[in-house]
Amino acid sequence: MAWFSKKPRIAVDTQQQPEPGPSRMEGLWAKCESCDEIIYRQELEKHWMVCPHCDHHHPWNARARLATLLDPSSFEEFDKELEPQDPLGFSDSKKYKDRLKSTRKNLDENDAFVAGVGRIGGHQVSVGAFVFEFMGGSMGSVVGEKVTRVFERAHELKCSALIFSASGGARMQEGIFSLMQMAKTSAAIARFRTGNKPYISVLLHPTTGGVAASFSWLGDVILAEPKALIGFAGPRVIEQTIRQKLPEGFQRSEFLLEHGMIDNIVNRKDLRAKLGQILGLLG
């Protein structure tokens with residue numbers, strides 16, 4: 001008889017192993033992009049997505065922004081049914097129509113802009129906000145149409161216009177149709193101004209490209225959040241073009257305020273009060 005014995009190995013049926021589910025802690029915490037502090041997500045949301053440690057302004061959902069800044073239950077959405085098309089049959093790494101379909105499904109938004117009418121401090125305002133999560137807040141035909149209708153609606157209601165901009169610029173998948181929105185929105189502002197009501201433009205991080213080059217810079221009052229990147233082309237593109245080193249903080253809201261390009265930088269927690277004050281004076 002052998003002085004050792006070999007026990008048979010127990011076969012493990014890997015197909016019967018349950019799939020690991022999401023951690024109970026997943027999504028409960030967030031890491032600040034600026035100071036690297038770990039923050040309880042509910043605490044961050046309670047502070048309007050502003051870090052309580054370093055005051056860094058994190059991206060904020062467009063609908064949450066409107067719900068917080070407008071008077072309670074005053075927002076009425078318009079033009080939600082508008083959906084972008086694929087006039088060029090565009091395709092890069094993915095067909096444009098497939099990209100639209102998957103993005104709409106993931107975000108439950110038809111495009112990168114939410115528009116409607118609401119009140120701030122009792123003052124009626126035609127308002128719109130970019131959904132940056134939808135293809136970088138890029139402006140295609142539908143976004144341009146909805147922005148135009150913000151100003152047309154304000155003109156009809158004889159109220160102020162307010163737009164929160166956060167965009168990478170024109171949507172390349174729609175080509176010239178996208179670029180035409182720059183002129184279209186600017187013309188709508190010109191007509192709106194015949195009513196002598198103010199247009200308040202709030203520039204968020206980032207506001208670039210064709211959006212910055214058109215209606216975002218045409219506000220009667222231009223506000224910005226702290227450290228927002230604002231400009232037509234990005235700093236790296238400009239440096240490569242002019243082959244010069246740009247000043248530190250170039251195209252950030254603080255630099256633009258110092259050089260007279262915007263009227264004020266407003267902390268997110270003070271924005272509702274500031275907007276109410278402006279509307280009370282000008283609206």
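Okay, let's start with Cys 54: leaving out residues up to four places away in sequence, Cys 54 touches Cys 32, Ser 34 and Cys 35. Keep in mind that this is a predicted model.

Where does Cys 54 sit? You'll find Cys 54 in the loop between helix H1 (41-46) and helix H2 (62-69). Its relative accessible area is 30%, so Cys 54 counts as partly exposed.

Now, those cysteine neighbours. In UniProt, an unreviewed entry carries the annotation "binding site" on Cys 32, Cys 35, Cys 51 and Cys 54. These four span 23 residues in sequence, but no two of their C-alpha atoms are more than 8.7 Å apart, so they gather at one spot. From this set, Cys 54 is part of the lining of the largest pocket.

What about Cys 32, then: buried or exposed? Cys 32 is buried, because its relative accessible area is 1%, which is under the 20% limit. Cys 32 belongs to the loop between strand S1 (29-31) and strand S2 (38-40). Setting aside neighbours within four places in sequence, Cys 32 is in contact with Glu 37, Ile 39, Cys 51, Cys 54, His 56 and His 58.

Rolling a probe the size of a water molecule over the atoms shows where empty space is left. Here the count is 1 cavity of 30 Å³ or more, and the volume of the largest cavity is about 30 Å³. Its lining has Arg 63, Glu 77, Lys 80, Glu 109, Asn 110, Asp 111, Phe 113, Val 114 and Lys 146. By type, the lining of that cavity splits into 6 charged, 2 nonpolar and 1 polar.

Note on methods. Residues are numbered from 1 along each chain as its sequence is written. This is a predicted model: local features need pLDDT of at least 70, side-chain atom pairs count only at pLDDT 80 or more; totals for chains, interfaces and linings use all residues. Side-chain values use heavy atoms; hydrogens and water are left out. On a 1 Å grid over the protein atoms alone, a cavity is a set of points where a 1.4 Å probe fits but cannot get out, and a pocket is an open set with protein on both sides within 12 Å along at least five of seven lines; lining residues have an atom within 4 Å of a point. Grid points are joined across faces, edges and corners, and a volume is the space filled by probe spheres set on the points. Ala, Val, Leu, Ile, Met, Phe, Trp, Tyr, Cys and Pro count as nonpolar, Asp, Glu, Lys and Arg as charged, and the others, Gly among them, as polar. UniProt positions are given in the numbering used here, feature names are shortened, and annotations may be inferred rather than shown by experiment. Helices (H or I, at least four residues) and strands (E, at least two) are DSSP runs, numbered from the N terminus. Buried means under 20% relative accessible area, exposed over 50%, partly exposed in between (1.4 Å probe, protein chains only). Contact means heavy atoms within 4.5 Å.
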